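Here is my note on the model, point by point. Please read it with the structure open.

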Amino acid sequence: MMNNSSAGLRFKEAMKRNQPLQIAGAINANHALLATQAGFQALYVSGGGVAAGSLGIPDLGITNLEDVLIDVNRITNVTDTPLLVDVDTGFGPSAFNVARTVKSLIKAGAAALHLEDQVGAKRCGHRPGKEVVSAAEMTDRIKAAVDARTDPDFLIGARTDALASEGIEKTLERVKRYRDAGADFIFAEAVREIHLYAEFANASNLPILANITEFGMTPLWTAAELGAAGVQLVLYPLSAFRAANKAALKVYNHLLKDGTQQAVIDDMQTREELYQSIGYYDFEAKIDNLFKKAP
């Protein structure tokens, strides 16, 4: 049964219940169900995941708002677990574009978003060569998002990629300005030293999100370690996606090499497990009831 309360309010309640709140990246609606069934109380749609998973292209600012909304709508249609959405730089050069993004996400049932301070032709946060806009331009993005908010509980996070190019002191000055512009939390990207999270928290007096993505610049600290360092939100944007990709390639290779799937059958989700996950039997029972013949 779907929850009719505000998605943003559900996200805030999950933050209160969990210190820190672990957020699972879901590449599609099926993974959103699996993450919810595993016990996660918040989900995430990654911009890089939409690009690579849904479109098969790099995360270089090529996707648009509609690409993201397709995946958001599919997830919010099957679960009310609150959803945080990556909107890159806001999907457009003006305040009007940012406002459209915010209103569209709220209408689609998302709980929160994060905007970043990279230039429009952005790069993955864990790649070299990132360029950031001025703090003033980023604060304008945040103000536009806050002004467009139709649900007061919808959260707007400010992601900063400035640490790599500007260092900690200038980046902390940025996050103070982002807070004053109305950001609800700070996403500190590509942090290499765990003690820096406390500096972000002290400078902004806002919840801090740690992006614990694999094969990047940030070590894979545990949720307990991050909580002790002052982090309130721990994000795993593409963990299940990476594992699923590796498993899929293994299956494809065995099918061609062996001419059968026998060697990898134990790695697969069973038909029964899939049916339980997606509620197949409930749908089938409704069909049976609908076409049940009278005695």
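1. Surface patch. Patches are made of residues with over 30% relative accessible area and no salt bridge; like charges are joined within 9 Å, nonpolar side chains (Val, Leu, Ile, Met, Phe, Trp, Tyr) within 5 Å. Areas come from the Shrake-Rupley method with a 1.4 Å probe, and for residues only the protein chains shown count as cover. Ile287, Leu290 and Phe291 form such a nonpolar patch, with about 370 Å² of accessible area together. Leu290 belongs to helix H12, residues 280–290. Helices (H or I, at least four residues) and strands (E, at least two) are DSSP runs, numbered from the N terminus. Leu290 is exposed at 63% relative accessible area. Buried means under 20%, exposed over 50%, and partly exposed in between (1.4 Å probe, protein chains only).

2. Basis of the model. This is a predicted model: local features need pLDDT of at least 70, side-chain atom pairs count only at pLDDT 80 or more, and totals for chains, interfaces and linings use all residues. Residues are numbered from 1 along each chain as its sequence is written, and side-chain values use heavy atoms, with hydrogens and water left out.

3. Salt bridges. A salt bridge is a side-chain nitrogen of Lys or Arg within 4 Å of a carboxyl oxygen of Asp or Glu. The whole structure holds 17 of them. One joins Asp59 and Lys122, at 3.7 Å from N to O. Asp59 lies in the loop between helices H3 (47–55) and H4 (65–76), and Lys122 in the loop between strand E4 (112–116) and helix H6 (135–148), so this bridge ties together parts 63 residues apart in sequence. Both Asp59 and Lys122 are buried.

4. Arg159. Which residue forms a salt bridge with arginine 159? The partner is Glu116, with the closest N and O atoms 3.5 Å apart. Arg159 is in strand E5 and Glu116 in strand E4, so the pair ties together parts 43 residues apart in sequence. Arg159 is buried at 4% relative accessible area. Glu116 is buried too, at 0%. Arg159 also lies over the face of Phe187, 5.3 Å from the ring centre. The criterion for a charge over a ring is NZ of Lys or CZ of Arg within 6 Å of the ring centre and within 35 degrees of the ring normal. The charged end of Lys286 sits over the ring of Phe283, 5.8 Å from its centre.

5. Asp161. Lys130 forms a salt bridge with Asp161, the closest N and O atoms being 3.0 Å apart. The two are 31 residues apart: Lys130 in the loop between E4 and H6, Asp161 in the loop between E5 and H7. Lys130 is buried at 11% relative accessibility, and Asp161 is buried at 1%. Shared partners join Asp59, Asp88, Glu116, Lys122, Lys130, Arg159, Asp161 and Glu189 into one salt-bridge network. The side chain of Asp161 also makes a polar contact of 3.4 Å with that of Gln118. A polar contact is a pair of N or O atoms within 3.5 Å; within protein, one must be able to donate a hydrogen and the other to accept it, and residues adjacent in sequence count only if both atoms are side-chain atoms.

6. Aromatic pairs. Rings of Phe, Tyr and Trp (its six-membered ring) pair if their centres lie within 6.5 Å; planes under 30 degrees apart count as stacked, over 60 as edge-to-face and the rest as tilted. There are four aromatic pairs in the structure. Tyr197 and Trp221 are edge-to-face, 5.9 Å centre to centre, with 85 degrees between the planes. Tyr197 lies in helix H8 (196–204) and Trp221 in the loop between strand E7 (208–211) and helix H9 (223–228), so the pair ties together parts 24 residues apart in sequence. Tyr275 and Tyr281 have ring centres 5.7 Å apart and planes at 85 degrees, so they are also edge-to-face. Tyr275 is buried at 18%, whereas Tyr281 is partly exposed at 37%. Ring pairs link Tyr275, Tyr280 and Tyr281 into a cluster.

7. Backbone checks. The peptide bond between Gln19 and Pro20 is cis, with omega about 0 degrees. Phi of Asp88 is positive, near 50 degrees, in a residue other than glycine. Phe91 has a positive phi of about 65 degrees and is not a glycine. Asp88 is buried at 5% relative accessible area, and Phe91 is buried at 16%.
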